[in-house]
Amino acid sequence: MATAAALRRYRAFMSPPGTRPRYPYGDDCGCPGCSLRDVRHARDVLATVLRNPDPQDRAELARLLAVLDTRYRSRTLPDPHADPHQPWWHRRLPGCPFTQSGLV
């Protein structure tokens, strides 16, 4: 269930057409249902699932993520001030939640 929700969120973040940069953003809400609004958290969940001992499940998810990760890298910008110890998807320039939702 969490894997499917995280994958849907990751796909949705990359779904707007075009080449304009996308900016991941955090959510101030602490409830578990809102945590996946931050695409970086969704990718964290998927990284955890990749450690699944079932090789078939792991290989299928890895194939899906390879495509999405390539799009994520091409549509987001590196953050030169990011913590180098964080996973690469956390080292992208963050944005404001209002710009992502179309409210601004």
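Q: Of the 104 residues of the protein, what percentage count as buried?
A: Keep in mind that this is a predicted model. A residue counts as buried when its relative accessible area is under 20%. By that cut-off, the buried share of the 104 residues is 31%.

Q: How many helices and how many strands does the protein have, and in what order do the elements run?
A: Let's start with the count: there are 4 helices and 0 strands.

Q: Are α2 and α3 roughly parallel or roughly antiparallel to each other, and why?
A: Take helix α2, residues 39-49, and helix α3, residues 55-75: their axes come within 11 Å and cross at roughly 150 degrees. Angles over 145 degrees count as roughly antiparallel. The two helices, α2 and α3, are therefore roughly antiparallel.

Q: Is the crossing of α2 and α3 left-handed or right-handed?
A: Here we look at the handedness of the pair whose axes cross at roughly 150 degrees. For α2 and α3, the crossing is left-handed.

Q: Which residues in α3 do V39, R40, R43, L46 and V49 in α2 meet?
A: By class, this contact of α2 with α3 has 6 nonpolar and 3 charged residues, with no polar ones. On the α2 side sit V39, R40, R43, L46 and V49. Their partners in α3 are L61, L65, D69 and Y72.

Methods: Residues numbered from 1 in each chain as written. Predicted model: local features only at pLDDT ≥ 70, side-chain atom pairs only at ≥ 80, totals over all residues. Heavy atoms only, no water. Axes fitted to C-alpha atoms, helices over the stretch in contact; angles between N-to-C directions. Parallel < 35°, antiparallel > 145°, perpendicular 65-115°, else oblique. Left-handed = near helix turned anticlockwise from the far one by under 90°. Contact = heavy atoms within 4.5 Å. Nonpolar A, V, L, I, M, F, W, Y, C, P; charged D, E, K, R; others polar. Buried < 20%, exposed > 50% of the residue type's maximum accessible area, 1.4 Å probe, protein only.
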